[in-house]
Amino acid sequence: VRDVFKEAAPHAAADALWAAHVLPAARGSKATFVALYHRQGDEYSDPTNAYADCLPGAAFYAAALRWIRAKYGGPLVYVTSSHDFGEARRRALFPVLEERETLVAIDHEDPTVVLTALARCDAATFSFGTFSWWAAFLAGGPVLYDARLRELETPACAPQRLRPATQWHDK
């Protein structure tokens, strides 16, 4: 599935997005790229919605970043994108970055371009929903997800129903 997607994906637009926004953040070094997609801007991000608890919060991302920092040496470029996910919200979820880390936001009107760009990452976090699942799956490296989701009363939140491989890690 990964190979078929990567062959059929909109490479030219994703190449342009990657070249303009992601590669400059690596500052010419051999960086590790991590997809930090966070679902935002729809009914799931409405705190009154029954599925709002499906989204990981700042505690999950803090734990995920600790795991990533311990696993990977060298520069880290976190690539994030989400519908209507402004700078203030990004900084609230990822408030403290080390000197070797950079947070890059990519956005494009075509979600397949964003998905193609996120699929180029070396590792990923799983937020919630099919877009996040596909970004994590297509990246092909370790995937971190909020272990709290397995304990929720809302069965649709449970990531074990979505897990495709053994490289998924509770955080």
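Predicted model: local features only at pLDDT ≥ 70, side-chain atom pairs only at ≥ 80, totals over all residues.
**Entry 1**

I looked up phenylalanine 137 first: its relative accessible area is 14%, so it is buried (under 20% relative accessible area; exposed is over 50%, partly exposed in between, with a 1.4 Å probe and protein chains only). Numbering runs from 1 along each chain as its sequence is written, and side-chain values use heavy atoms, with hydrogens and water left out.

Next I checked tryptophan 133, which counts as buried at 15% relative accessibility. Both residues belong to helix α6 (residues 130–139), and being 4 residues apart there, they are separated by about one helical turn. For helices I take DSSP runs of H or I with at least four residues, for strands runs of E with at least two, numbered from the N terminus. An α-helix has 3.6 residues a turn, so residues three or four places apart point the same way.

I then went through the ring pairs and found 5 aromatic pairs in the structure. My criterion is Phe, Tyr or Trp rings (the six-membered one for Trp) with centres within 6.5 Å; planes under 30 degrees apart are stacked, over 60 edge-to-face, and the rest tilted. Tryptophan 133 and phenylalanine 137 have ring centres 5.0 Å apart and planes at 10°, so they are stacked. Ring pairs also bring in Trp134, making a cluster of Trp133, Trp134 and Phe137.

**Entry 1: other rings**

Phenylalanine 60 and tyrosine 61 are edge-to-face, at 4.8 Å centre to centre with 70° between the planes. Phenylalanine 60 and tyrosine 61 are both buried.

I also looked for a charge over a ring (NZ of Lys or CZ of Arg within 6 Å of the ring centre and within 35 degrees of the ring normal). Lysine 71 has its charged end over the ring of tyrosine 72, 5.7 Å from the centre.

**Entry 2: the strands**

I count strands as paired if DSSP finds at least two bridges between them. β1 and β2 run parallel with 4 bridges, and phenylalanine 33 stands opposite valine 77 in β2. β1 also pairs with β4 in the parallel sense, over 2 bridges; there alanine 35 has alanine 124 as its bridge partner. β4 and β5 (residues 143–145) are parallel too, over 3 bridges, with phenylalanine 126 partnered by tyrosine 145.

Side chains on β1: Thr32 and Val34 point one way, Phe33 and Ala35 the other, and all are buried. On β4 (residues 123–126), Ala123 and Thr125 point one way and Ala124 and Phe126 the other, again all buried.

Threonine 80 sits in β2 (residues 76–80) and counts as buried at 0% relative accessibility. Its side chain reaches the backbone oxygen of leucine 36 at 3.0 Å.

In α2 (residues 11–22), I find Ala14, Leu17, Trp18 and Val22 buried. They lie on the same side of α2, because they cover an arc of only 100° around the axis (taken from the directions from the helix axis to the C-beta atoms). Exposed Ala12 and Ala20 are on the face turned away from that buried side. The cover over the buried residues includes β1, β2, β3 (101–105) and α5, by contact (heavy atoms within 4.5 Å).

α5 (residues 111–118) is itself mostly covered, with 6 of its 8 residues buried; Val113, Leu115 and Leu118 are among them.

Conventions: Polar contact = N/O pair within 3.5 Å; in protein donor to acceptor, adjacent residues only side chain to side chain.
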